[in-house]
Amino acid sequence: MNAVQPSIDELVRARVGATWAFRTRAEIEATARFARMAIELQENGATPFVVTGAHDAAADEARHRDLCARVAAKWGHPNALDHTPPRTRIGRSDMDPRDRLLWEMVSVCCIGETMNTALMTRSLEVARDEEIRTTLHELLRDEVVHARLGWAHLAAERSQGRGEFLRDVLPLLLEASVEPGFLEGKDIAVWSDALYPYGELPWPELVQIYRDTMNLVVFAGFDAVGVDTSKGRAWLEERSPA
Ligand SMILES: [Fe+2]
Ligand SMILES: [Fe+2]
């Protein structure tokens, strides 16, 4: 065996383990975030549907955390649960708290959960590993609902004439939705088709899903509630021309 190049088995194990450890950390953060947002949503006049939905989402994410940790442990990351969510908040500290909460709901649900749903849908199409399929299926079922919460909250705020500021901060929201350099193809992970059966996707496909979901679902959703997407669309075209 070559000392520098990992074997396919090593590559698969490293990549799958890293994916599920990353997901475990993301679910830990999502659990804390939804629990806090549920309280803030109630304090800021959100609809009962959204407040209850955020409470339920916190419980969903705690369940996801444990499901993801189980897969991570099987693939070589037994300590994925050892993660403390950062205390940093999304948005600007000088903002009206209600606007800041809307920024956060849009970032987390309308963009984050929508994007996650699209990625996991494609992962589920290619995955053949039974445990990964079952886990993806369960996560997906809930993330679809979490995405809807964001759209419901945004629609409710727009109906009260709020959220105009989103037009100007859309590029910041998009910037935060990807790892630095992701769209430009910096640090592309080594790929092998042997990764598909574990639900992994190659970089060009990830970018395509990001672009398509942003254009066909996210921007379309903003358009539907009268949030001007021109700055957001320009941001995407600049970084990832069609
Ligand atoms: Fe989740
Ligand atoms: Fe979620």
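Trp103 is buried, with a relative accessible area of 7% (buried means under 20%, exposed over 50% and partly exposed in between, with a 1.4 Å probe and protein chains only). The structure is a predicted model, in which local features need pLDDT of at least 70, side-chain atom pairs count only at pLDDT 80 or more, and totals for chains, interfaces and linings use all residues. Residues are numbered from 1 along each chain as its sequence is written, chains are lettered from A and ligands numbered from 1 in the order in which they are written, and side-chain values use heavy atoms, with hydrogens and water left out.

**Aromatic contacts**

- The structure holds five aromatic pairs (rings of Phe, Tyr and Trp, the last by its six-membered ring, with centres within 6.5 Å; planes under 30 degrees apart are stacked, over 60 edge-to-face, the rest tilted).
- One of them joins Trp103 and Phe165, which is stacked because the planes stand at 25°, with ring centres 6.5 Å apart.
- Trp103 belongs to helix 3 (residues 97–126) and Phe165 to the loop between helix 4 (130–159) and helix 5 (166–176), so this pair ties together parts 62 residues apart in sequence.
- Trp151 and Phe222 form a tilted pair, at 5.4 Å centre to centre and 55° between the planes.
- That pair links Trp151 in helix 4 with Phe222 in helix 6 (residues 203–224), 71 residues apart.
- Phe222 counts as buried, at 1% relative accessibility.

**Iron site**

- The protein donors of the iron ion (ligand 1) are Glu27 (OE), Glu27 (OE), Glu61 (OE), His64 (ND1) and Glu143 (OE), at 2.0 to 2.5 Å (donors are N, O and S atoms within 2.8 Å of the metal, or 3.2 Å for Na, K and Ca; water is not among the atoms, so sites may look incomplete).
- The donor residues of this ion follow the spacing E-x33-E-x2-H-x78-E in sequence.
- Glu61 bridges the iron ion (ligand 1) and the iron ion (ligand 2), which lie 3.5 Å apart.
- Glu27 sits in helix 1 (residues 8–43) and Glu61 in helix 2 (residues 48–74), so the two tie together parts 34 residues apart in sequence.
- Glu27 is buried at 7% relative accessibility, and Glu61 is buried at 1%.

**Overall fold**

- The chain has seven helices and zero strands (DSSP runs numbered from the N terminus: H or I of at least four residues for helices, E of at least two for strands).
- Buried residues make up 48% of the 242 residues.
- The C-alpha atoms fill a box of roughly 65 × 40 × 30 Å along the principal axes.
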